[in-house]
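Okay, thanks everyone, let's get going.

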Amino acid sequence: MIRIVRIEVNGVEYYARAEGHGFHLLTAAPWAGGRDVGAVVGNGRLLAPVQPSKVVCVGSNYRAHAAEMGKATPDKPRLFLKPPSAIIGPGQPIEIPPETTRVDHEVELGVVIGKRCSRVCKEDALDYVYGYTVCNDVTARDFQKEDGLFARAKGFDSFLPVGPHVVTGLVPERLALGCDVNRKVRQMGNTTDMVFPVAELIAFMSNVMTLEPGDLILTGTPSGVGPLEAGDRVTVTVEGVGSMTNPVVDRSDR
Ligand code: MG
């Protein structure tokens, strides 16, 4: 298993391979051909481990979550996009904009594409994966209902915490995942309950749009979504990947 992070050291950002207590700096992301520069640093500030050209997401991909949202289990994946500008790293604050009344957490398994991928079949799809990460698909639920479209509800700056790293060598079909807020469990699920497993999602998405190395796929959230408020600390966890915690603050508007 390889663990890839992105870190800031003395104001400079690097991709790095985390090994033991050190970070082995890379020339670029490994999915972009990055190689070891031969330098190891002891610490650095963790950033989101990906800088995707796009973030492709799927709604209602766990039956129990579809039911809690009052929706039927979909017969094909329901895709939407989140803007890369929404991405933040571990420990960075989720900012609640003043005009919303309800912002929810959604823990999701994140898939990082390793090779350019267009119209692949589900049998080959996992060959195009570099690794996996933990995501929080933060959602302004009031705007999701009001608009009937997702760009505003899911597109605010800071609405996509990703991290703390990308790990390789996982089998994605049987991973526990969960979310707690202020150390109280809100979501507990398992990727076995996905309506469309990762390989099917990649096949479906890549039939629509070419997936580039470093692109991020969000695979849906299990049931138990609930509101976040300023002062909360929200932790999302995926088995075999890790945990990421973000504080929640009110956005301070000028
Ligand atoms: Mg979601």
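Let's start with Phe-80, which counts as buried at 10% relative accessibility. Before I go on, keep in mind that this is a predicted model.

So who is the partner of Phe-80? That's Phe-150: the ring centres are 4.8 Å apart and the planes sit at 75°, so we call the pair edge-to-face. The cut-off there is over 60 degrees between the planes. Now, where do the two rings come from? Phe-80 is in strand E7, residues 78-82, while Phe-150 is in the loop between helix H3 (141-147) and helix H4 (151-155), so this pair ties together parts that are 70 residues apart in sequence.

The charged end of Lys-154 sits over the Phe-150 ring, 5.6 Å from its centre. There's another case of this kind: Arg-152 lies over the face of Phe-143, at 3.6 Å from the ring centre.

While we're here, take Leu-149, which is also in the loop between H3 and H4. Buried or exposed, what would you say for Leu-149? Exposed, with a relative accessible area of 61%, and the cut-off for that word is over 50%. If you leave aside neighbours within four places in sequence, Leu-149 is in contact with Phe-143 and Gln-144. For a sense of distance, go 29 residues along the chain from Leu-149 to Gly-178: their C-alpha atoms are separated by 26 Å.

Okay, back to the rings. How many aromatic pairs does the model have? The count comes to five. One of them is Tyr-15 with Trp-31, edge-to-face, at 5.6 Å centre to centre and with 85° between the planes. Tyr-15 belongs to strand E2, residues 12-19, and Trp-31 to the loop between strand E3 (22-26) and strand E4 (36-41), so here the parts being tied together are 16 residues apart in sequence.

How about burial for these two? Tyr-15 is buried, with a relative accessible area of 9%, and Trp-31 is buried as well, again at 9%. The cut-off for buried is under 20%, so that's how both get the label.

Key. Residues are numbered from 1 along each chain as its sequence is written. This is a predicted model: local features need pLDDT of at least 70, side-chain atom pairs count only at pLDDT 80 or more; totals for chains, interfaces and linings use all residues. Side-chain values use heavy atoms; hydrogens and water are left out. Rings of Phe, Tyr and Trp (its six-membered ring) pair if their centres lie within 6.5 Å; planes under 30 degrees apart count as stacked, over 60 as edge-to-face and the rest as tilted. Helices (H or I, at least four residues) and strands (E, at least two) are DSSP runs, numbered from the N terminus. Buried means under 20% relative accessible area, exposed over 50%, partly exposed in between (1.4 Å probe, protein chains only). A charge sits over a ring if NZ of Lys or CZ of Arg is within 6 Å of the ring centre and within 35 degrees of the ring normal. Contact means heavy atoms within 4.5 Å.
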